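Please read them with the coordinates open.

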Amino acid sequence: MSMTSWVVLGLSIATVLLLLGAFVATMRQDRRGRSATPPSEDVVVQSPMPAPVSMQAHAGVYDDPREIRVGDRIEVHGARSEVLGALHVALQGQQWTEYLLDDGSRRARWLTVEIRQGLVSGDPPHLEVLVWTEVPTQGMIPAKSMIIMEGVEFFPVDRGTAAFRSEGDTGHPDRGLLDFADYRAADGRLLSFERVQGSPWTASYAQPLPPGSISIISHAS
């Protein structure tokens, strides 16, 4: 074989080796690329959009007490009531609503729904829901000091006069002034005295409700 033939053969072998080496390197690089975790900045995870929820999806039950309206049928701790009326109360920029409930018993029950500011500056506001059950006062009036009701000591926390607007059946005028005096016991129980436009004082105990305790069974038509 001539020198020229050996040169051509050598170049051919070198070319094949180079191509084979490049192919092997590419395969190794491809395996590293598939097995390694991609950089975090190259990974875009898109959360699925929540499915639209229609009113029918709740089967007619709504849990936001701010949506309660006069005439609604609601459930409080498993007890069903009808909302007979509402007092929309305002005092120095603070507003709350008191709903008169009919649960079939002979005792008046009121439901208070209020957005309260945080106790500490900077705390976000929170929703407070209270159920009030009337108790006999036997002619008692709210004192400015500690009072004893059914053997329990209650200490004053707030009192004042607020303006109200009446809606539905509340037993009160369409508009007027509401005097109130609130007390708290050492165990956290609440007691409140109220009277409208000079009428006799009434007193009620409060039962705070945890989230999810109220369901609106049906809205008034």
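1. Ground rules. This is a predicted model: local features need pLDDT of at least 70, side-chain atom pairs count only at pLDDT 80 or more, and totals for chains, interfaces and linings use all residues. Residues are numbered from 1 along each chain as its sequence is written, and side-chain values use heavy atoms, with hydrogens and water left out.

2. Main core. A nonpolar core here is a set of buried Ala, Val, Leu, Ile, Met, Phe, Trp, Tyr and Cys residues joined through side-chain atoms within 4.5 Å. Buried means under 20% relative accessible area, exposed over 50%, and partly exposed in between (1.4 Å probe, protein chains only). The largest core has 15 residues, and Val89, Trp132, Ala162 and Phe164 touch the most other members. Two or more residues come from each of β2 (79-91), β3 (94-102), β5 (126-135), β7 (152-168), β8 (175-185) and β9 (190-196). Strand β2 gives the largest share, three residues. Strands (E, at least two residues) and helices (H or I, at least four) are DSSP runs numbered from the N terminus. As background, nonpolar side chains in soluble globular proteins tend to be buried together.

3. Another core lies apart from the largest one.

4. Phe164. What does Phe164 touch, leaving out residues up to four places away in sequence? Contact means heavy atoms within 4.5 Å. The list runs through Leu87, His88 and Val89, then His172, Pro173, Asp174, Arg175, Gly176, Leu177 and Leu178, and ends with Val196.

5. Aromatic pairs. The structure holds four. Rings of Phe, Tyr and Trp (its six-membered ring) pair if their centres lie within 6.5 Å; planes under 30 degrees apart count as stacked, over 60 as edge-to-face and the rest as tilted. Trp96 and Phe180 are edge-to-face, because their planes stand at 85°, with ring centres 6.2 Å apart. Trp96 is in strand β3 and Phe180 in strand β8, so the pair ties together parts 84 residues apart in sequence. Both Trp96 and Phe180 are buried.

6. A stacked pair. Phe154 and Tyr205 are stacked, at 5.9 Å centre to centre and 25° between the planes. Phe154 sits in strand β7 and Tyr205 in strand β10 (residues 202-208), 51 residues apart, so the pair links distant parts of the chain. Phe154 is buried at 0% relative accessible area. Tyr205 is buried too, at 19%. Separately, Tyr183, Phe193 and Trp201 form one aromatic cluster.

7. Salt bridges. How many does the structure hold? There are six. The criterion is a side-chain nitrogen of Lys or Arg within 4 Å of a carboxyl oxygen of Asp or Glu. Asp179 and Arg195 form one of them, with the closest N and O atoms 3.0 Å apart. This pair links distant parts of the chain: Asp179 is in strand β8, Arg195 in strand β9, 16 residues apart. Asp179 is buried at 16% relative accessibility, whereas Arg195 is partly exposed at 28%.

8. Two further bridges. Asp187 and Arg189 meet at 2.9 Å, N to O. Asp187 counts as exposed at 51%; Arg189 is partly exposed at 39%. Glu67 bridges to Arg69, with the closest N and O atoms 3.9 Å apart. Glu67 is partly exposed at 37%, and Arg69 is partly exposed at 43%.

9. Gly71. This residue is in the loop between α1 (3-35) and β1 (73-76). Gly71 is partly exposed, at 31% relative accessibility. Gly71 touches Val83 and Ala220, not counting residues up to four places away in sequence.

10. Surface patch. Met146, Ile148 and Phe155 form a nonpolar patch with about 260 Å² of accessible area together. Patch residues have over 30% relative accessible area and no salt bridge; like charges are joined within 9 Å, nonpolar side chains (Val, Leu, Ile, Met, Phe, Trp, Tyr) within 5 Å. Areas come from the Shrake-Rupley method with a 1.4 Å probe, and for residues only the protein chains shown count as cover. Ile148 lies in strand β6 (residues 147-149) and is partly exposed at 48%.
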